[in-house]
Amino acid sequence: MRIGIIGGGLMGIALAYFLTEAGEQVTVLEQSAELGGLNGQLAFGEGLTVARYQHAILPRDDATRRLCARLGLENELVFGDVQTGFIHDNRIYPMTTLRDFFSFTPLSFRSRIQLGGALLQVRRRGNWESLDDVPVKSWLVKASGAETFERIWRPLLETKFDGAYETVPATYVWAWLNRMLAIRRPPRFNSSVGYLRRGHYSLIQALADDLTARGGQIQTQVRVREIIVADGRLQQVRTHSGLLEFDALVAAIATPVFARLIPGADKTYLERLSREKYLGLICPVMVLDRPLSGYWTLNLTDPNSPFSSIIETPHPEYNGYYIVYLPRYTAPDNDWMGVSDDDIREAWLSHLRQLFPQMASKDPLHFSVSRSRYVEPVYSIHDTEKAASAQTPYQGLYLANTGQVYPQLPTSEAVIVQAQRVSRLVRQQRMMPAAVLS
Ligand SMILES: Cc1cc2nc3c(=O)[nH]c(=O)nc-3n(C[C@H](O)[C@H](O)[C@H](O)COP(=O)(O)OP(=O)(O)OC[C@H]3O[C@@H](n4cnc5c(N)ncnc54)[C@H](O)[C@@H]3O)c2cc1C
């Protein structure tokens, strides 16, 4: 079967890998010159590359670990202890160990105990369905108290959802806390995270090498302009250089992009797709020749900060180089998306220098701004059906994206699991007689 895949991000490349491994003929069509999408990398010259966006592998990311092992990358995977903390009123408060938690003075002792109880509740809670109708604010205020909500949760939610968190279900914070708490190991509850020694892009590269060695094709700088559907099935794919035909096509792209590519689809289906909303992201990355804070993650509680957190890691390959990410999530109408890179650099560095005065005397070695319009689907308590499923109403046409991993967070781990599911779905349907499908 000839299978086309639109998108050479992790979802598209992992899907192509699983399908070629199962013996299918696969062609990946990627609009950019490089693969990777959100998992892509930036080149600063003289061989220095860094991941476009920060990326960590957590100890329980089993699908990622298994995939690395299958690709011969198991020895490249390194885990180590990291420090985490908060910046509150321009001061760093560590939050690495249980002791740090109990010494966290921005909260009263009573609130700390209440917050500890809420965290335990989250870890023990198996079912998330009952949280899906509850607004995140009411649940957090009830579970951890009003003071903790105002001082900690409100600023974190404001920056994460760019102010629009009122209708976000409590399920989001349940999934986030579970992922974050899973990196903590008793008895001190310190955090352990992993990375690939040659950078996260080495996973994309290894998948691409493996699938092309099995006969799969990857075409970069090919932008799909239209997916033509008619008579209830996939017909053709239009690119700038002409029409392509496949027996099956998987669009491994965000739902709003997919909706724009199928203008000929049924109106009800297009209306269904248009309900899916995404957060965007602006994320400057800096390369420094010394550590900034020594913390892996610092979350900021200051609502006036242009960035929501500071994520720092030593460069995985270049000794003595440190990479710092300063992300800001954006709602679709956020003005920052239209601001020039130079102005972003000035605003971000000026705030960073207030927090770290030692930065004032020295410019970073490199500074680059990345932006992505569709990084994370956002759901509301009112959405009864969260995401469009992989199966579209058109025979031979599938959709695969992070919207479908709900209630899990849209991580690379969840993407790999979903890519495996969709590859099985595509292959199962190939084996079904047409009468069953129609
Ligand atoms: C800031 C940030 C930090 C993250 N940190 C972590 C982390 O620590 N751990 C973790 O596990 N996960 C993390 N993630 C999540 C992870 O990076 C994503 O889940 C994953 O990269 C999503 O991959 P994707 O292929 O679904 O989407 P994308 O990467 O968006 O891929 C879509 C691809 O489709 C291409 N495309 C779009 N339209 C067309 C078209 N018309 N024709 C051809 N090609 C097209 C795009 O160019 C792109 O390459 C993070 C994400 C972000 C944004």
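Val136, Lys137, Leu140, Val141 and Ser144 in H5 meet a set of residues in H6, namely Ala146, Thr148, Phe149, Trp153 and Leu157. Contact here is defined by C-beta atoms, placed from the backbone, that lie within 7 Å of each other.

Before going on, a word on the source. This is a predicted model, in which local features need pLDDT of at least 70, side-chain atom pairs count only at pLDDT 80 or more, and totals for chains, interfaces and linings use all residues. Residues are numbered from 1 along each chain as its sequence is written.

Back to the helices. Two packed helices are described by the angle between their axes and the distance between the axes. For helix H5 (residues 136-144) and H6, the axes come within 8 Å and cross at roughly 145°. Axes are lines fitted to C-alpha atoms, for helices over the stretch in contact, and angles run from 0 to 180 degrees between N-to-C directions. H5 and H6 cross in the right-handed sense. Right-handed means that the near helix is turned clockwise from the far one by less than a right angle, and left-handed means anticlockwise.

The other pair is helix H1 (residues 10-21) with helix H8 (residues 201-213), packed at about 35° with axes 9 Å apart. The crossing of H1 and H8 is left-handed. From H1 the contact takes Leu10, Ile13, Ala14, Ala16, Tyr17 and Thr20, and from H8 it takes Ile204, Leu207, Ala208, Asp210 and Leu211. Those residues divide into nine nonpolar, one polar and one charged.

H1 comes up again at the ligand. Which residues come nearest to the ligand? Of 34 residues around the ligand, they are Gly7, Gly9, Met11, Gly37 and Thr411. H1, strand E15 (277-288) and helix H12 (412-431) each give two or more residues to this shell. Near means that the C-beta atom, placed from the backbone, lies within 6 Å of the molecule. The shell has 17 nonpolar, 14 polar and three charged residues.

Now the backbone. Most residues other than glycine have a negative phi, and most peptide bonds are trans. The bond from tyrosine 406 to proline 407 is cis, with omega near 10°. Proline 407 sits in the loop between strand E21 (397-399) and H12.

Glutamate 46 has a positive phi of about 50°, and its place is the loop between strand E3 (41-43) and strand E4 (49-51). Aspartate 162 also has a positive phi, near 50°, in the loop between helix H6 (146-160) and helix H7 (171-181).

Are these two buried or exposed? Glutamate 46 is exposed, because 6 other C-beta atoms lie within 10 Å. Aspartate 162 counts as buried, because it has 20 C-beta neighbours inside 10 Å. The cut-offs are 20 or more other C-beta atoms within 10 Å for buried, 12 or fewer for exposed, and partly exposed in between, with C-beta atoms placed from the backbone.

Key:
Helices (H or I, at least four residues) and strands (E, at least two) are DSSP runs, numbered from the N terminus. Two residues are in contact if their C-beta atoms, placed from the backbone, lie within 7 Å. Ala, Val, Leu, Ile, Met, Phe, Trp, Tyr, Cys and Pro count as nonpolar, Asp, Glu, Lys and Arg as charged, and the others, Gly among them, as polar.
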